[in-house]
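Keep the 3D view open as you read.

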Amino acid sequence: MKEKIVTSGFISVVGRTNAGKSTLLNNLVKSPIALVSKKVNATRKRMDIIIPFENEQYNSQLIFIDTPGLHESKKLLNEYMLQEANKAVGDSDLSVFVAVASTKENEILHYRNFLEQHDKRHIVLLNKIDTLSKQELLECLESYKQYQDQNLGIIPVKAKDIDTYTMHTILSLLVKNLPLHPHFYDNDMISTTIMRDIYKEAIREAVFERFSDEIPYESDVKILKVTEKPRILYIKAQIIVAKDSQKAMIIGRNGETIKSLGSIARKKCEYLAEQKVFLELIVKTIKGWNTNKETLKEIGYDFMD
């Protein structure tokens, strides 16, 4: 039997906000560890997701890096997010550019900007094809044809419900373009991101699900303590908000709202931890937390000076 080619490498997953990057990765790994929300700019930090893959020719390990959406903003936290995305592209062996399939000119502009800013080998995934008619999809594919010499391939996808054939097509195209290298990690690992950060993202996702626009964008989560106890995992987390009025909204009348939020977040943490979780949530107001670099560093956003 012919020995398989061993490849391994890092793949940055980039695209505009709300293009479906985290949804795609969660469905590839079959585990919801990347924050998914219909609201834009939900992902704030890089997170890696490890996927082993074998076919007739290759025995490979793909380390995907989920990134914040590419966007322009002068807000300090958004500057950090853009910095994270650009650094991920620079550090990776390949990129996956996730675009929203559309006949509108503004969507393809995001891809043009990526080509102008980054000289990185990449594939293009045209996501949300279920929102287009067959004719509109053909028009969309035609508009990207002018860039076919600048990428490794263009694949139409529906990230929220990706089928086995499409998944195999994506991974097969990537593995043959990765460096010849032994696997970096044990194939049983899903991510090298520490569990504290994964629990943080699970709680943030619950905040996005439970509240309207203002609170998710002006809040964050800091994990204060994670303790293994007999038959249960104890997590203490602090929800940080910018205003006292937001704190009152999260707590709710007689604490009913934070109980509801805690129930949603606890179930997410239990799914990820694969055990019972006792989750304690507290809320703290730090005025201007998202405009102060030192406060952001304390929460876990490491700016490059």
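This is a predicted model: local features need pLDDT of at least 70, side-chain atom pairs count only at pLDDT 80 or more; totals for chains, interfaces and linings use all residues.

Now zoom in on strand 5 (residues 122-127). How many of its residues are buried? The count is 6 of the 6, so strand 5 is largely enclosed by the rest of the structure. The cut-off behind that word is a relative accessible area under 20%. In a regular strand, side chains alternate between the two faces of the sheet. Here both faces are covered: His 122, Val 124 and Leu 126 are buried on one side, while Ile 123, Leu 125 and Asn 127 are buried on the other. As for neighbours, strand 5 pairs with strand 4 (residues 94-100) in the parallel sense, over 6 bridges. Within that pairing, Phe 97 stands opposite Val 124, and Val 98 has Leu 125 as its bridge partner.

Asp 188 sits in the loop between helix 5 (164-175) and helix 6 (195-210). Is Asp 188 buried or exposed? With a relative accessible area of 70%, Asp 188 is exposed, because anything over 50% counts as such. The C-alpha atom of Asp 188 is separated by 8.7 Å from that of Pro 52, although the two residues are 136 residues apart along the chain.

Further along comes another open sheet, made of 3 strands in the order 7-8-9, again with mixed pairing. Strand 7 (219-229) and strand 9 (277-285) stand at the edges with a single partner strand each, so one side of each has no neighbour in the sheet. The twist in this sheet averages 15 degrees from one strand to the next. Strand 8 (residues 232-241) pairs with strand 9 in the parallel sense over 9 bridges, and Leu 233 has Val 277 in strand 9 as its bridge partner.

A couple of helices pack on this sheet. Helix 8 (residues 244-251) touches strand 8 and strand 9, and its direction makes about 155 degrees with that of strand 9. Helix 9 (residues 256-273) also touches strand 8 and strand 9, at about 130 degrees to the direction of strand 9.

These helices meet each other as well. Helix 8 and helix 9 pack at an angle of about 70 degrees, their axes 5 Å apart, and are therefore roughly perpendicular to each other. Met 249, Ile 250 and Ile 251 in helix 8 meet Glu 256, Thr 257, Ile 258 and Leu 261 in helix 9. By type, the residues of this contact are 5 nonpolar, 1 polar and 1 charged.

Finally, zoom out. The protein has 10 helices and 9 strands, and 52% of its 305 residues count as buried.

Methods:
Residues are numbered from 1 along each chain as its sequence is written. Side-chain values use heavy atoms; hydrogens and water are left out. Helices (H or I, at least four residues) and strands (E, at least two) are DSSP runs, numbered from the N terminus. Buried means under 20% relative accessible area, exposed over 50%, partly exposed in between (1.4 Å probe, protein chains only). Two strands pair if DSSP finds at least two bridges between them. Axes are lines fitted to C-alpha atoms, for helices over the stretch in contact, and angles run from 0 to 180 degrees between N-to-C directions. Contact means heavy atoms within 4.5 Å. Angles under 35 degrees count as roughly parallel, over 145 as roughly antiparallel, 65 to 115 as roughly perpendicular and the rest as oblique. Ala, Val, Leu, Ile, Met, Phe, Trp, Tyr, Cys and Pro count as nonpolar, Asp, Glu, Lys and Arg as charged, and the others, Gly among them, as polar.
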